[in-house]
Amino acid sequence: MVGVPGKSQGCNTCRRRKVKCDLEKPHCRRCVSSARQCEGYERYAVFINRGQQGLQKRERLEEVRTPTTSDPSALGIQYANTPLNFSPSPRQANETQLVSSFWETYCASATRYPGPTEPAWLYRSISSATTPTAVIAATSMLLKQALLSLAHIRIGRLNDDQALIIRGQQIYGQSLRLMQHALHDPVLAHSDDILVAARCMVLYESFESTSGDMAAWENHILGIARIIHLRGVHRTRDSISRSVLESIRYNVMIVSLMRSTACFLGESEWLSVPWAGVSKSLDQRLFDYGFTLAYMMQRSEAVSMPTSLSVPSQYRHQQIHQSASKRQTILDILEQTLACYTGLANLRSELLATRRQMLRVVNPPSIQSQQLYNEDTTTDEQHMHLACTDNDPQAITIAILLALDLSFSIFATALMQHLADDHGRDLNHHPPSHSGRDLFAQLAEYMAPTRRLQLGQQLLRHLQLCCAVRSEHLRPRIIFPLNVLRWEMRHRPAEAAQVRALFEAVASRGKFRIAKGAQNAGTEIVPGIVLESER
């Protein structure tokens, strides 16, 4: 690993963008004027392959990107004490090079907007795997193996390198055995390295879908959720643990919705304690509504069994009481659904307002006047279209928001259908109160078929643009909105074909095999009450 002289003297940001730098220090004016983060002038290591044909510089970016903060201790990372005369072996050097390539590929973002930064948990694993040490602890070995399996398999898939793919699968098998051993040790099971290693393995399953459907991915999600739960809510407040928690909440939310099961991450203390003293991002607040929906689905499963018509007279009074209790539970769920609609609308307004503010920062008035964009006349949907075409990471957040809105509509429609079918007789004898009628009228606006169709078509257009997002650590988030859209558009052949094409694009061009797994899962991941309403 050597330095390469004779390169441009510009800042790292301008060099990466391949534009001329004005060499102002400490931050160049070109970066400042365009609202980009100037990465400074410090040069980092350049990896060189030394093979039989001589020295060959590796492809893609030259510098190994550093984390957002220049102080590793700010991320909770502590380097091992290594003897000064310790030199990495050729194998260690090759592994470091491969991990560096994975880091660049996974975390690189060609966007000028602030968005999700490189995950601190991933930087922790890379630091552990690439820091040469004479002696390595058991937990660090597991973390290193988990990361190496991830790096091998991802770089292998992207470059169609079968040797790397096979090696990645072998290392992953070793990682599974090491993880199984560690989880049976009460001390090791609670270490940060085990938590981060488990997160690496979830990401591996997101790429590979080793079971061919979503089963293996789902099991890993439930496993890391169990680890987090056993560690306790108060062990999520340091930067590394909170980074893992924030990165996994979306996945746990999806599993909870698939299983129609409430999750501890939706409980009040888990919604607040990890962010005590720090700001909770809009993404994380959006996921809260997903956990609320999963809780409501679980409640609905308990009342979705139809009431039998042939009940002996001596049990008729008990049946009437149970029916009234079920009806009240459904009304409570519908009231909570209406509150969630309002909350999602507020988040959407906040998201679009934030984007407008970023546009004003990125595009000064002199630049805005030369563009088609006009803040006063641009509609919300045009704002979201701009987010995608301009490679804004918030484009994925908008897609998730639309998918959750549509999920609430699908669920509420099924619940209302069940209320009409199973409790219609009771409603005829005991019509809802004035407040109940108001509730139905307000919900009807959200559940209207025209609104659902408009929302679905809007989400479809949005996802077609989102597939072009170049940030690899954001692209897997597309799977959930795609799956929601697949169900909603199942009776519309033209739109259904476009959804299938998007799944294929993510699975083949993006090399995310979990997309194919989601397709293979089919209706297994559709809530029971929704399936019941279709019969």
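This is a predicted model: local features need pLDDT of at least 70, side-chain atom pairs count only at pLDDT 80 or more; totals for chains, interfaces and linings use all residues.
## Overall make-up

The chain holds 21 helices and 2 strands. Of its 535 residues, 51% count as buried. Among contacts between residues at least 6 apart in sequence, 75% join residues at least 24 apart.

## Helix H7 against helix H9

Helix H7 covers residues 192-208 and helix H9 covers residues 239-259; the two pack at an angle of about 30°, and their axes are 11 Å apart. H7 and H9 are therefore roughly parallel to each other, since angles under 35 degrees count as roughly parallel. The crossing of H7 past H9 is left-handed.

On the H7 side, the contact is made by Asp192, Leu195, Val196, Arg199 and Val202. On the H9 side, the residues are Ile240, Ser241, Val244, Ser247, Ile248 and Asn251. By class, this contact of H7 with H9 has 6 nonpolar, 3 polar and 2 charged residues.

## Helix H9 against helix H11

H9 also packs with H11, at an angle of about 25° and with the axes 9 Å apart. That makes H9 roughly parallel to H11. H9 passes H11 in a left-handed crossing.

From H9, the contact takes in Glu246, Arg249, Tyr250, Val252, Met253, Ser256 and Leu257. From H11, it takes in Gln284, Phe287, Asp288, Gly290, Phe291, Leu293, Ala294 and Met297. The residues of the contact of H9 with H11 divide into 9 nonpolar, 3 polar and 3 charged.

Ala198 is placed in helix H7. With a relative accessible area of 8%, Ala198 is buried, because buried means under 20%. Leaving aside residues up to four places away in sequence, Ala198 touches Met179, Ile224 and Ile227. Leu147 is 51 residues from Ala198 along the chain, and the C-alpha atoms of the two are separated by 9.9 Å.

Arg231 is in helix H8, which covers residues 215-231. Arg231 counts as buried, at 8% relative accessibility. Its side chain makes a polar contact with the side chain of Asp192, at 2.8 Å. Asp192 belongs to H7 and is one of the residues that meet H9. Beyond residues up to four places away in sequence, Arg231 touches His190, Ser191, Asp192, Leu195 and Ser241. Among these, Asp192 and Leu195 in H7 and Ser241 in H9 also take part in the contact of H7 with H9.

Lys280 is found in the loop between helix H10 (268-272) and helix H11 (282-303). At 16% relative accessibility, Lys280 counts as buried. The side chain of Lys280 makes a polar contact with the side chain of Asp288, at 2.8 Å.

Residues up to four places away in sequence not counted, Lys280 touches Arg249, Leu271, Trp275, Arg285 and Asp288. Of these, Arg249 of H9 and Asp288 of H11 are also part of the contact between H9 and H11.

## Arg452 in helix H17

Arg452 has its place in helix H17, residues 449-466. Arg452 counts as buried, with 15% relative accessibility.

With residues up to four places away in sequence left out, Arg452 touches Leu406, Ser409, Ile410, Thr413, Tyr446, Met447 and Glu488. Arg452 and Ile410 are 42 residues apart in sequence, and their C-alpha atoms are 8.5 Å apart in space.

## Loop residues with positive phi

Leu23 lies in the loop between helix H1 (12-17) and helix H2 (29-33). Although Leu23 is not a glycine, its phi is positive, at about 65°. Leu23 counts as partly exposed, at 45% relative accessibility.

Asp160 lies in the loop between helix H5 (138-158) and helix H6 (162-183). The phi of Asp160 is near 50°, again a positive value in a residue other than glycine. At 62% relative accessibility, Asp160 counts as exposed, because exposed means over 50%.

Methods
Residues are numbered from 1 along each chain as its sequence is written. Side-chain values use heavy atoms; hydrogens and water are left out. Axes are lines fitted to C-alpha atoms, for helices over the stretch in contact, and angles run from 0 to 180 degrees between N-to-C directions. Helices (H or I, at least four residues) and strands (E, at least two) are DSSP runs, numbered from the N terminus. Angles under 35 degrees count as roughly parallel, over 145 as roughly antiparallel, 65 to 115 as roughly perpendicular and the rest as oblique. A crossing is left-handed if the near helix is turned anticlockwise from the far one by less than a right angle, and right-handed if clockwise. Contact means heavy atoms within 4.5 Å. Ala, Val, Leu, Ile, Met, Phe, Trp, Tyr, Cys and Pro count as nonpolar, Asp, Glu, Lys and Arg as charged, and the others, Gly among them, as polar. Buried means under 20% relative accessible area, exposed over 50%, partly exposed in between (1.4 Å probe, protein chains only). A polar contact is a pair of N or O atoms within 3.5 Å; within protein, one must be able to donate a hydrogen and the other to accept it, and residues adjacent in sequence count only if both atoms are side-chain atoms.
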